[in-house]
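Work through the exercises below with the model open. Try each task before you read its solution.

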Amino acid sequence: LQDGYPTQLRSLLNPEIAVVNIGEGGDRAELNTDAADVIAELGTFDYRKNHYVIYWMGTNDLNNGRTVSELRADIASWISATRTAYPQAKLIGCSITPAAWLTGGEEAARTQINSSITANEIDGESFDVVVDLASHPKLDDNTDATYYESDDGHISPAGHTVIAREIRHEVEKLQGDYPLVKYFESRSDISDTDEYVFSGFD
């Protein structure tokens, strides 16, 4: 996605911070629940410096019949596994935005899951910070053609701009006094001791 939030985030952050997009269309939380899954997804980078991992999944899980309790457990397992694999990483969790293809029951489940995410208490686990995308006044209505595509579920480039700005704000707050480093365009250029933002969405 050329105009997706990871690409836009690159232009909003200090250019010496790398943004690595590892998001895959159709990805599901239930496929990323242990340390091996997380390492396979993120890679074997040394997280000795300041790094941020953005977690934005759940729509595909709900659309594939995952229950509230199952998805809550999946998210908690991902948080635990990521903290085990990369203890220095800062985790940014995002609430699940609306989508036209979620049925009545799935939409109710989305609301319940989002309540756990925004309360930042997911089966005993928590993110370092939460970005409540679903309640953002520009993203809470999936029929808004400015911020959503015509399928009333996928986010438009303008919507991704909103997301990039919200995430930039949180990254800059988390960044603290860590030094900035060289900017990298592609994953193959990454070394073990640099600063990155890893992003993923379904």
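**Exercise 1.** Between which two elements is the loop that holds Y147? Then decide: is Y147 buried or exposed?

Solution. Keep in mind that this model is predicted.
- Step 1: Find the loop between β4 (129-131) and α6 (157-175); Y147 is found there.
- Step 2: Take the relative accessible area of Y147, which is 16%. Buried means under 20%, so Y147 is buried.
- Step 3: List the contacts, leaving out residues up to four places away in sequence. Y147 touches K138, L139, I155, S156, A158, G159 and V162.
- Step 4: Check one distance. Y147 and T161 are 14 residues apart along the chain, and their C-alpha atoms are separated by 9.0 Å.

**Exercise 2.** Describe helix α5: its span, its buried residues and what they pack against.

Solution. 
- Step 1: Helix α5 covers residues 104-119, 16 residues in total. From first C-alpha to last it reaches 23 Å, close to the 22 Å expected at 1.5 Å a residue.
- Step 2: Look down the axis of α5. The buried residues fall within an arc of 160°, so they line one face of the helix.
- Step 3: Turn to the other side of α5. G104 and A119 are exposed there.
- Step 4: Find the partners. The buried residues of α5 pack against α3 (59-63), α4 (68-85), β3 (89-94) and β4.
- Step 5: N120 follows α5, and its phi is positive, near 55°.

**Exercise 3.** Which residue forms a salt bridge with R110? How many residues apart are the two?

Solution. 
- Step 1: The partner is E107, with the closest N and O atoms 2.6 Å apart.
- Step 2: Both R110 and E107 lie in helix α5, 3 residues apart, which is about one turn of the helix.
- Step 3: Compare their surroundings. R110 is buried at 9% relative accessible area, while E107 is partly exposed at 25%.

Technical notes
Residues are numbered from 1 along each chain as its sequence is written. This is a predicted model: local features need pLDDT of at least 70, side-chain atom pairs count only at pLDDT 80 or more; totals for chains, interfaces and linings use all residues. Side-chain values use heavy atoms; hydrogens and water are left out. Helices (H or I, at least four residues) and strands (E, at least two) are DSSP runs, numbered from the N terminus. Buried means under 20% relative accessible area, exposed over 50%, partly exposed in between (1.4 Å probe, protein chains only). Contact means heavy atoms within 4.5 Å. The expected span of a helix is 1.5 Å times one less than its number of residues. The arc is that of the directions from the helix axis to the C-beta atoms. A salt bridge is a side-chain nitrogen of Lys or Arg within 4 Å of a carboxyl oxygen of Asp or Glu.
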